[in-house]
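Welcome to a short tour of a protein chain.

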Amino acid sequence: MRPFLVDYLIQEKGIGSEQVYQDVLDLFVYSRLPFLIIVGFCAEFDCCGYRAVLVAGAFCGFLTVLMTRFGIGISSQQAAQFTVSAAFASRVAVPSMAFTLCLPSQFQEAIHTLKAVMLFSNCCAAGLGELLRDAEWVPLNFLFDLSALGQVLSLLCAALLPGARASPSASTPTAAAISNTLEEHLLPRSPRRCSQGPLNGVQALLQDLWLSLWLRRVMWWTAWALAMNPIHGLTLTYWQSMVRSKHILKDHNGYLSACMYLAASLLTLGAGGAWVLQRSTSLLVVASVFLAAYLLLQLSAADTRQLTVYGWIMLYQCLFEVVTAVATFQVGVGKAQWLSPVNGKAW
């Protein structure tokens, strides 16, 4: 839906181009962080868990399509940016599902496979959408009808996901173990459950977060995420505007998105077995940040040839998606080692 959203709002909803970027899409940018924080808190409690978060996210995605398709006026499109932010934020619960159901030795393969599948699904959606849009007899409204059907299917799939598997070895640091966290061992975990009360649960969550940030891998990848995620979000939100600014009027955004997601999917899947990606955290962080900056500079300086512009966007997207998968599984492995009763030696 996203590759065709700008054209749809302008052509079908009669919203001006400036209004789309200044009064609609900017709300998606501003609301992403608050929803990510909310999802992060909710996913930590057993009364929510990753399955409930993903079900809620799929439902928000369905609401987004309905408001975009049937909403009248700019207000409904602005409201849809909040629900789509919630839907995007819910996807951070997918890795937690893998961490819950897999052993740490399987984290890399599981995370890369999940990421590749998600990217491939985006590829299929974008490719099908562009094929239908190029067929003159298929209106843009029909694409959003198909998207609504897809959201219903995703809602059903989320509801059928397995629940979290109880892990007797799971542990979280108590206050008495803080001084020994990175030196000796952690005390047995007292689960953060809703039955402890919301204040105790939040206190345990914040304590866990603070201790996690002192882990080397978590520290490096947190810095990477703070630098890369906002820029990536802005790039994917406004790249269609940049294409228009280069006077590329007959765009093929769906084909670009399909190729972009397909390439990123294949690269992510292929990197799932690369042992070298299990190490060199600092090198990967620094190199990927500088390479991403170079690609964005080339993109901004690209000429008006469509293939050149699309090529730089594709390279940037592939880099981000592959390194995101690496960051996710490295953080998961680092946290699993940290929580091991014998300082990770069991893993």
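A residue counts as buried under 20% relative accessible area, as exposed over 50%, and as partly exposed in between. With a relative accessibility of 40%, C124 is therefore partly exposed. Please keep in mind that this is a predicted model.

**Overall layout**

The chain holds twelve helices and zero strands. Read from the N terminus, the order of elements is α-α-α-α-α-α-α-α-α-α-α-α. The chain has 347 residues, and 43% of them count as buried. For contacts between residues at least 6 apart in sequence, 79% link residues at least 24 apart.

**Cysteines**

**Helix α5 against helix α6**

Two packed helices are described by the angle between their axes and the distance between those axes. Helix α5 covers residues 93-101 and helix α6 covers residues 107-134; they pack at an angle of about 145°, and their axes are 10 Å apart. The crossing in which α5 passes α6 is right-handed. On the α5 side the contact is made by V94, P95, M97, A98 and F99, and on the α6 side by F107, A110, I111, L114 and M118. Sorted by kind, the residues of this contact are ten nonpolar, no polar and no charged.

**Residues one by one**

| Residue | Relative accessible area | Class |
|---|---|---|
| S265 | 6% | buried |
| V289 | 28% | partly exposed |
| D145 | 33% | partly exposed |
| Q19 | 36% | partly exposed |
| I72 | 78% | exposed |

Let us take them in the order of the sequence. Q19 belongs to helix α2, which spans residues 17-43. Ten residues along the chain separate Q19 from L9, and the distance between their C-alpha atoms is 9.8 Å. Which residues does Q19 contact, once neighbours within four places in sequence are left aside? They are V24 and I74.

I72 sits in the loop between α3 (49-70) and α4 (74-90). I72 is 59 residues from K13 in sequence, while the C-alpha to C-alpha distance of the pair is 7.7 Å.

D145 is part of helix α7, residues 140-159. Along the chain D145 and V65 are 80 residues apart, and 8.1 Å separates their C-alpha atoms. With a relative accessible area of 33%, D145 is partly exposed.

S265 lies in helix α10, made up of residues 253-270. Is S265 buried or exposed? Its relative accessible area is 6%, so S265 is buried. Apart from neighbours within four places in sequence, S265 is in contact with A116, L119 and F120.

V289 is placed in helix α11, residues 281-301. Setting aside neighbours within four places in sequence, V289 is in contact with W224 and M228.

**What the record lists**

An unreviewed UniProt entry lists "transmembrane region" for residues 218-239, 259-277, 283-302 and 309-333. What does the model show over two of these stretches? Over residues 218-239 the chain is 100% helix and 0% strand, with the end C-alpha atoms 30 Å apart. Residues 309-333 are likewise 100% helix and 0% strand, and here the distance between the end C-alpha atoms is 37 Å.

How values were computed:
Residues numbered from 1 in each chain as written. Predicted model: local features only at pLDDT ≥ 70, side-chain atom pairs only at ≥ 80, totals over all residues. Heavy atoms only, no water. Axes fitted to C-alpha atoms, helices over the stretch in contact; angles between N-to-C directions. Helix = DSSP H or I, 4+ residues; strand = E, 2+ residues; numbered from the N terminus. Left-handed = near helix turned anticlockwise from the far one by under 90°. Contact = heavy atoms within 4.5 Å. Nonpolar A, V, L, I, M, F, W, Y, C, P; charged D, E, K, R; others polar. Buried < 20%, exposed > 50% of the residue type's maximum accessible area, 1.4 Å probe, protein only. UniProt positions renumbered as here; feature names shortened; annotations may be inferred.
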